[in-house]
Amino acid sequence: MNYKKNSLAVYLTGQLLEILKKVRGPEAAASYIHGTITNSSVGITKVMGPIEKMTLANRPVKGLYFTVAGAPQSLGVALLSYMGNLRVALGAERGFIDAQKVEELHRECISDDIQSCM
């Protein structure tokens, strides 16, 4: 994985998008990105959220989630940390994931986590 972090691919892709945006406009760059995303079936994103408690309209925010809406992938996984707690959001096309199985696995993880804490 480290070789990908040090790869020129990210830099070159960024330069390509900048050139494409200057020459053909922002719509062409957006079309290029959409075409790349369309050819993938899974999207994973992670975002570091606020460390301190935040408020919205003078109301404390208990939880915060982040997802990418309208992505053409079959499965999307979004990870966000808020006040040191990790939040996970799953988005999938209809029928791609068995919702009952995910709920069952979630319950098993919670019960295993509670038992390991005792």
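I sort residues by relative accessible area: buried means under 20%, exposed means over 50%, and partly exposed is in between (1.4 Å probe, protein chains only). With that settled, here are my entries.

**Ground rules.** I am working with a predicted model, where local features need pLDDT of at least 70, side-chain atom pairs count only at pLDDT 80 or more, and totals for chains, interfaces and linings use all residues. My residue numbers start from 1 along each chain as its sequence is written, and side-chain values use heavy atoms, with hydrogens and water left out.

**Overall layout.** I looked up the secondary structure and found 4 helices and 5 strands. These elements are DSSP runs numbered from the N terminus, with helices being H or I of at least four residues and strands being E of at least two. Reading from the N terminus, I get the order α-α-α-β-β-β-β-β-α. Of the 118 residues, 14% are buried.

**Nonpolar patch.** I found a nonpolar patch of about 530 Å², made by Leu 86, Val 88, Leu 90, Phe 96, Ile 97 and Val 102. For my own reference, patch members have over 30% relative accessible area and no salt bridge; like charges are joined within 9 Å, and nonpolar side chains (Val, Leu, Ile, Met, Phe, Trp, Tyr) within 5 Å. The areas come from the Shrake-Rupley method with a 1.4 Å probe, and for residues only the protein chains shown count as cover.

Which strand gives the most to this patch? Strand S5 (residues 85-92) does, with 3 residues. I then checked Leu 86, which is found in S5. Leu 86 counts as exposed because its relative accessibility is 60%.

**Largest pocket.** I used a 1 Å grid over the protein atoms alone: a pocket is an open set of points where a 1.4 Å probe fits, with protein on both sides within 12 Å along at least five of seven lines, and lining residues have an atom within 4 Å of a point. The largest pocket holds about 290 Å³ of space. Its volume is the space filled by probe spheres set on the points, which are joined across faces, edges and corners.

I noted 17 lining residues, with Val 68, Ala 71, Gln 73, Leu 75 and Gly 76 nearest the pocket centre. Strand S1 (42-48), strand S4 (75-82) and S5 each supply at least two residues of this lining. By class, the lining has 10 nonpolar, 6 polar and 1 charged residues. In this scheme Ala, Val, Leu, Ile, Met, Phe, Trp, Tyr, Cys and Pro are nonpolar, Asp, Glu, Lys and Arg are charged, and the others, Gly among them, are polar.

**Salt bridges.** How many salt bridges does a search of the whole structure find? I have 3 in my notes, each being a side-chain nitrogen of Lys or Arg within 4 Å of a carboxyl oxygen of Asp or Glu.

- Lys 21 pairs with Glu 18, with the closest N and O atoms 3.8 Å apart. The two are about one helical turn apart because they sit 3 residues apart in helix H2 (residues 9-24). Lys 21 is partly exposed at 39%, and so is Glu 18 at 36%.
- Lys 101 meets Glu 104 at 3.9 Å, N to O. This pair is 3 residues apart in helix H4 (residues 99-117), so about one helical turn separates them.
- Arg 107 meets Glu 103 at 2.7 Å, N to O. Both lie in helix H4, 4 residues apart, or about one turn. Arg 107 is exposed at 55%, while Glu 103 is partly exposed at 41%.
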